[in-house]
Amino acid sequence: MSSITLTNITKFYGDVQVIQNFSEFFNDHEFITLLGPSGCGKTTMLRMIAGFEKPSGGEIKIDDRIVSAPGIFVPPNLRGIGMVFQSYAVWPHMNVFDNVAYPLKIQKFSRGEIQKKVENILEAVHLSPYINRMPNELSGGQQQRVALARALVANPKVLLLDEPLSNLDSKLRESMRFEIKEIQKNFGITVVYVTHDQTEAMAMSDRIIVFDHGVVQQADTPLNIYKNPANEFVADFVGTINFIEGKVNQNFIEFKGGQKMEYTGDKRGSVIVAVRPENISLRRDKGILKGRMLQSYYLGDINDCRVDVDGTVFRVTAPSHTYGEFSDLKNSEVWLDFSEYLVF
């Protein structure tokens with residue numbers, strides 16, 4: 001399949017800069033996710049790769065071919081890309097076969113070739129029994145697979161997906177994540193995927209690129225994005241995390257309520273300690289920080305607690321068996337121990 005090289009990409013809408021000097025290399029067969037909140041520039045970046053938007057500056061290459069640069073612009077239909085949109089864009093007046101066959105008819109494939117290619121791709125996306133169905137006879141997940149089959153049927157170099165699961169219910173979204181990842185592996189295709197859902201990004205990606213206001217905050221593996229976020233924005237956007245302000249004083253961090261924790265790092269002055277809920281243990285006796293239990297919620301798989309530490313509310317996701325141990329401690333003193341934490 002293909003690699004993508006992006007060099008110093010910028011994009012302005014009038015005086016507003018939505019992408020700032022974006023440079024990255026997407027490897028052949030890699031699953032890349034552009035992740036960030038609404039309006040951060042991720043969909044604009046995808047549309048520039050596809051050719052639906054022109055960059056204000058910079059160069060885009062698919063393999064060794066320049067498809068966008070000053071004085072050069074290859075239209076979308078000549079870039080060898082497949083695109084799946086948030087809205088499915090399945091034509092309601094065509095059955096499944098004709099929807100998927102459409103790109104091949106445009107490219108003047110023979111009737112026999114079209115029949116074979118469509119049947120093969122529908123089998124790959126588990127839609128063979130629905131080949132003659134109309135879109136209004138399909139579920140949302142089936143319509144999304146039709147759109148995926150149509151994007152893949154012409155054997156594109158790159159598959160681009162713009163929030164393709166956002167219109168599905170939570171259980172269907174979860175199953176479709178794994179289906180898309182499995183299809184990507186089977187086809188060996190390079191995928192660039194846009195989402196604001198960090199769970200999707202973590203489950204599917206080889207690498208995640210986190211955007212905020214058109215600026216890349218971190219580009220890394222899901223594990224490093226979660227375990228070693230580059231800054232507070234990434235830590236807060238990917239997963240759930242607690243922040244508490246403090247100040248380094250020799251070998252301690254002192255918090256506003258006077259409590260202290262040992263610290264041997266190299267940060268100095270005012271800092272922010274960040275700790276994820278699953279890395280906090282609840283204790284009745286001594287721990288790192290003392291707090292007051294506000295509430296405990298039994299959610300089946302976890303005991304989801306809120307603990308007030310001198311005005312800062314911590315979320316703690318303890319094992320579910322602790323619910324009986326701590327549910328009677330509302331407004332009582334508890335201690336928090338940290339197995340892992342970050343200091344910004």
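**Sheet and pocket in a predicted model**

Q: In this predicted model, what is the strand order of the open sheet of six strands?
A: The pairing in this open sheet is mixed, and the twist averages 15° from one strand to the next. Reading across its six strands, the order is 7-8-9-3-10-11.

Q: What angle does the direction of helix 5 make with that of strand 3?
A: Helix 5 (residues 170-187) packs on the sheet and touches strand 3, strand 8 and strand 9. Taken against strand 3, its direction comes out at about 140°.

Q: Which elements give two or more residues to the lining of the largest pocket?
A: The pocket has a volume of about 640 Å³. Of its 20 lining residues, the closest to the centre are Asn77, Ile81, Gly82, Met83 and Pro103. The elements giving two or more are strand 7 (81-84), helix 2 (96-106) and helix 4 (140-152).

Q: How many charged residues are in the lining of the largest pocket?
A: Sort the lining by class and you get 15 nonpolar residues and four polar ones. The charged count is one.

Methods:
Residues are numbered from 1 along each chain as its sequence is written. This is a predicted model: local features need pLDDT of at least 70, side-chain atom pairs count only at pLDDT 80 or more; totals for chains, interfaces and linings use all residues. Side-chain values use heavy atoms; hydrogens and water are left out. On a 1 Å grid over the protein atoms alone, a cavity is a set of points where a 1.4 Å probe fits but cannot get out, and a pocket is an open set with protein on both sides within 12 Å along at least five of seven lines; lining residues have an atom within 4 Å of a point. Grid points are joined across faces, edges and corners, and a volume is the space filled by probe spheres set on the points. Helices (H or I, at least four residues) and strands (E, at least two) are DSSP runs, numbered from the N terminus. Ala, Val, Leu, Ile, Met, Phe, Trp, Tyr, Cys and Pro count as nonpolar, Asp, Glu, Lys and Arg as charged, and the others, Gly among them, as polar. Two strands pair if DSSP finds at least two bridges between them. Axes are lines fitted to C-alpha atoms, for helices over the stretch in contact, and angles run from 0 to 180 degrees between N-to-C directions. Contact means heavy atoms within 4.5 Å.
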